[in-house]
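Please keep the sequence and the structure in view while reading.

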Amino acid sequence: MTAIKEIESKLSGIANLFGVVLLSFIGHMPEEKVAVEKGHVLTKTRLTKSLTRDLLFIHNENCEYQLDKDTLTKIYKSFLV
């Protein structure tokens with residue numbers, strides 16, 4: 001995805017940023033979706049009959065902070081709510 005590559009390149013110079021979350025709320029989409037690739041997450045979650053939330057998390061691979069496995073699990077689970 002071009003947008004992810006562009007944002008990754010911008011994040012690469014920010015060593016203290018773990019990642020970026022982008023949200024949008026749009027009209028009804030017919031299906032829910034979860035995709036995970038290289039630490040990035042894309043979710044489409046139907047909130048009501050006529051409203052869907054899209055969430056895109058872009059992980060900064062150059063972040064200097066190391067998070068423990070439990071913390072990472074909680075972060076990634078929060079994207080599914």
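Helices (H or I, at least four residues) and strands (E, at least two) are DSSP runs, numbered from the N terminus. Strand β4, which spans residues 51-59, contains Leu51. The model is a predicted one, in which local features need pLDDT of at least 70 and side-chain atom pairs count only at pLDDT 80 or more, while totals for chains, interfaces and linings use all residues. Residues are numbered from 1 along each chain as its sequence is written, and side-chain values use heavy atoms, with hydrogens and water left out.

| Residue | Relative accessible area | Class |
|---|---|---|
| Leu51 | 31% | partly exposed |
| Asp54 | 13% | buried |
| Phe57 | 3% | buried |
| Tyr76 | 24% | partly exposed |

Leu51 belongs to a nonpolar surface patch of about 440 Å², together with Val21, Leu23, Phe25 and Leu47. Such patches are made of residues with over 30% relative accessible area and no salt bridge, nonpolar side chains (Val, Leu, Ile, Met, Phe, Trp, Tyr) being joined within 5 Å and like charges within 9 Å; a salt bridge is a side-chain nitrogen of Lys or Arg within 4 Å of a carboxyl oxygen of Asp or Glu. Strand β1 (residues 19-27) supplies the largest share of this patch, three residues.

Asp54 also lies in strand β4, and its side chain is joined to that of Lys44 by a polar contact of 2.9 Å. A polar contact is a pair of N or O atoms within 3.5 Å; within protein, one must be able to donate a hydrogen and the other to accept it, and residues adjacent in sequence count only if both atoms are side-chain atoms.

Leaving aside residues up to four places away in sequence, Asn60 touches Leu11, Ser12, Ile14, Leu17, Phe18 and Gly19, where contact means heavy atoms within 4.5 Å.

The structure holds four aromatic pairs. One of them is formed by Phe57 and Tyr76, edge-to-face at 5.7 Å centre to centre with 85° between the planes. This pair links strand β4 with helix α2, its two members being 19 residues apart. Rings of Phe, Tyr and Trp (its six-membered ring) pair if their centres lie within 6.5 Å, and planes under 30 degrees apart count as stacked, over 60 as edge-to-face and the rest as tilted. Phe57 and Tyr76 form one aromatic cluster with Phe18 and Phe79.

Conventions. Areas by Shrake-Rupley, 256 points an atom, 1.4 Å probe, with all protein chains shown as cover. Buried < 20%, exposed > 50% of the residue type's maximum accessible area, 1.4 Å probe, protein only.
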